[in-house]
Amino acid sequence: MGDTHHSPPPLRRRISAVHPRAPALGPDRPRGARRLVPPRPHPRRPRRLPTGRNWGFESHTERGQHPHSPIQWRPFSYKDDSRWQRREHDPGSCRGLRVSSGIVGACGDDDQGRLFCHNMSLSGVDLSRLRAKKGPTGQCVCLVDANGNRTMRPCLSNVVKLQTNELKREDFRGSKWLVVRYAYFNSEPINAAIKIAKQEGVSISLDLASFEMVRDYRSHLIELLETGNIDLCFANEDEARELIRGEATTDPEVALEFLAKYCKWAVVTLGSKGCVAKHGKEVVRVPAIGESHAVDATGAGDLFASGFLYGLVKGLSLEECCKVGACSGGSVIRALGGEVMPENWQWMYKQMKAKGLSVPDLGIST
């Protein structure tokens, strides 16, 4: 988080359910609904950073500062229609794009799991393929610095998980795309899901998840790409750099060519510099849309992917898919949190119209 020779900038902390991802707020968010963000420590409890399963959640209405930590705390209330923060590759993000979506995964029977299911249902996400299990739901700490950069540290050691033998062809039947994140530790169910989805004629979109995952398990990733089962692959600049580690140059376009050897569509996102993408022999470079400085980059790559997939589903060109992705990715960086606020959905629609792009039919809900 910044230069190690200087004091790190203040961090802002949030918590969200991560297995599977929690939802974004669509434009039809009820009046008075609030984002969920962490509370200040209860005055009768030890004032320390929560860890593992000891994280607590309480209702507050004012903004506070932990007295013994550089972290800035954002309080929350989850009464009534409050909603949990969306995490990456969230099916709920399709709510603002008016694309139907569902989850194949597992969720615990704890408060976080129940809250997650409640909020996903409010966002119109199909939960019929979500397995409810006895045990804890995964959680993740998300740290954001003063420049809007974020890092995530999940706690998945003892959480409920979807097992390979639980996957069925019915889980994927009728779908157009299966969206997965590269994760070596879940490689067995991921590989099985890809194989079954392919049998049902479903296209596969792969996100490289993190530069650390690519760096530490690059050989396994390449084995997955070499199967030829990945139709679309997204990588950010750091992941792309790790992917072509050892090459004479780490230029993003070199990584793009590398991915394009295995995938029909390859995309490398470049943050404030936009993205480069390739399909067949066509290569496009599209600039970012919106603010050059992100308030919070959490979810930017995932909203970009949602927009890009929306474009593919609608039959848009490669360049148009990238522009929709740039609009949707730009919508989430305008405010703190991985969710898109109603005013920022409207901002996205306005940007899409200005670019001459197909705007979601707001009169039809998913």
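**Exercise 1.** Find which residue of β10 is the bridge partner of Leu 206, and work out how β10 is placed in the structure.

*Solution.* In β10, Leu 206 has Cys 233 as its bridge partner. The model is predicted, so local features need pLDDT of at least 70 and side-chain atom pairs count only at pLDDT 80 or more, while totals for chains, interfaces and linings use all residues. Residues are numbered from 1 along each chain as its sequence is written, and side-chain values use heavy atoms, with hydrogens and water left out.

Next, look at the strands, which are DSSP E runs of at least two residues, numbered from the N terminus. Strand β9 (residues 203-207) pairs with β10 in the parallel sense over three bridges, where pairing requires that DSSP finds at least two bridges between the strands. Strand β11 (residues 265-269) also runs parallel to β10, joined to it by five bridges, and Phe 234 stands opposite Val 267 in β11.

Finally, four of the five residues of β10 (residues 232-236) are buried, so this strand is largely enclosed by the rest of the structure; buried means under 20% relative accessible area, with a 1.4 Å probe and protein chains only.

**Exercise 2.** Decide whether Asp 296 is buried or exposed, and find which side chain makes a polar contact with its side chain.

*Solution.* Begin with the position: Asp 296 lies in the loop between β13 (282-286) and α7 (300-313). Its relative accessibility is 0%, and therefore Asp 296 counts as buried. Its side chain makes a polar contact with the side chain of Thr 298 at 2.7 Å, a polar contact being a pair of N or O atoms within 3.5 Å, of which, within protein, one must be able to donate a hydrogen and the other to accept it, and residues adjacent in sequence count only if both atoms are side-chain atoms.

Note on methods. Buried < 20%, exposed > 50% of the residue type's maximum accessible area, 1.4 Å probe, protein only.
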